[in-house]
Amino acid sequence: MSDLLRALAGETPERTPVWFMRQAGRSLPEYRELRVGTQMLDACLTPELASEITLQPVRRHKVDAAVFFSDIVIPLRLAGVDVVIEPGRGPVFASPIRTADDVARITQIDPADLDGTAITEAVRLTTAELGDTPLIGFAGAPFTLAAYLIEGGPSKEHMRARAMMHADPESWHRLAGWLSRISRRFLEIQRDAGASVVQLFDSWAGSLNPADYRTHIAPHSHAALEGIGLPSIHFGVGTGPFLGDMRLDGVADAVGVDWRMPLDEAISVVGPDTAVQGNIDPAMLQAPWPILEAHVRDVIARGRGAKGHILNLGHGVPPDTDPDQLTRIVEVAHGER
């Protein structure tokens with residue numbers, strides 16, 4: 001069993017397993033070279049390209065897991081939703097979902113009908129090259145997907161999405177329930193093709209208060225992961241006020257922790273039966289190596305109190321990161337520095 005899977009099972013491997021959210025992509029020169037002339041979502045749906053991008057950071061950094069190169073809006077694209085990635089902005093939807101009629105229309109699409117052919121082929125190509133290194137499949141959580149759909153694109157406070165929860169709770173739960181099934185189907189496609197672990201990303205959950213998270217979000221995220229049949233990680237940004245709820249009543253095997261809370265404090269919140277992932281501050285990647293190294297060693301030390309600890313960033317790799325900084329972090333985690 002790999003070190004990553006052992007940590008998710010609650011063991012403490014001799015070497016701290018490490019991977020990085022957004023390790024596959026923007027920070028690597030080989031990625032930028034490969035992506036020339038190809039739109040983001042097209043790259044995600046080209047099996048040979050998606051596989052190669054997934055493998056690049058494993059070769060370079062010797063991380064303990066690959067994370068499948070895709071985007072959280074890909075399952076919506078597969079469902080026929082008109083979405084593009086605008087450089088420098090992010091996902092933009094041609095027709096935002098803001099009324100009860102909009103919700104009724106989009107939720108008529110059956111998640112079971114998603115054509116996962118390209119995803120299946122990309123995962124199979126990747127796992128054939130990875131050998132014993134686990135592949136992490138992933139999906140966006142219902143709230144984060146809903147925030148994009150309702151706002152029509154990225155936003156800072158997700159006001160329209162949060163408003164729908166209270167102004168039209170019936171439509172909200174119908175939309176969030178449908179998105180839960182969309183995410184679940186995307187995870188199942190990756191699982192069935194050979195992924196070893198899944199992670200549910202709720203990047204915008206930090207805009208919620210604890211009561212709204214528990215009432216309007218957690219049940220739908222729970223449904224996306226429950227019974228998936230693989231070790232699972234649940235990650236959100238700014239979720240400290242309800243970090244314990246990110247366990248989803250024990251459905252998640254590990255909870256991702258961003259950089260805002262010391263890892264030992266987070267461990268005391270999630271409890272003794274849940275592994276943790278994190279929580280290097282991404283901003284520290286710009287610091288001189290001795291400062292970053294001390295920070296990494298501190299995170300590793302704090303993580304020793306967990307049932308299992310996977311070293312990672314508190315969010316994704318910034319695009320201007322020096323890749324050598326990531327390689328050095330892996331060497332520290334593996335006891336090679």
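Ring pairs tie Phe138, Phe201 and Phe235 together into a cluster. Keep in mind that this is a predicted model.

Across the whole structure, a search turns up six aromatic pairs. Two of them are set out here, since a pair of aromatic rings is described by the distance of the centres and the angle of the planes.

| Pair | Centre to centre | Between the planes | Type |
|---|---|---|---|
| Phe201 and Phe235 | 6.0 Å | 75° | edge-to-face |
| Tyr213 and Phe242 | 4.4 Å | 15° | stacked |

Start with the edge-to-face pair, Phe201 and Phe235. It links distant parts of the chain: Phe201 sits in strand E5 (residues 197-202) and Phe235 in strand E6 (residues 232-236), 34 residues apart. Phe201 has 13% relative accessibility, so this residue counts as buried. Phe235 is buried too, with a relative accessible area of 0%.

Now for Tyr213 and Phe242: their planes are at 15°, and that's why the pair goes down as stacked, the cut-off being under 30 degrees. This pair also links distant parts of the chain, with Tyr213 in helix H11 (residues 210-225) and Phe242 in the loop between E6 and strand E7 (254-256), 29 residues apart. Both Tyr213 and Phe242 are buried.

The largest cavity holds about 40 Å³ of space. Its lining is made up of Thr239, Gly240, Leu243, Val257, Asp258 and Met261.

Technical notes: Residues numbered from 1 in each chain as written. Predicted model: local features only at pLDDT ≥ 70, side-chain atom pairs only at ≥ 80, totals over all residues. Heavy atoms only, no water. 1 Å grid on protein atoms, 1.4 Å probe; cavity = no way out; pocket = protein on both sides within 12 Å on 5 of 7 lines; lining within 4 Å. Points joined across faces, edges and corners; volume = space filled by probe spheres on them. Phe/Tyr/Trp six-rings, centres within 6.5 Å; stacked < 30°, edge-to-face > 60°. Helix = DSSP H or I, 4+ residues; strand = E, 2+ residues; numbered from the N terminus. Buried < 20%, exposed > 50% of the residue type's maximum accessible area, 1.4 Å probe, protein only.
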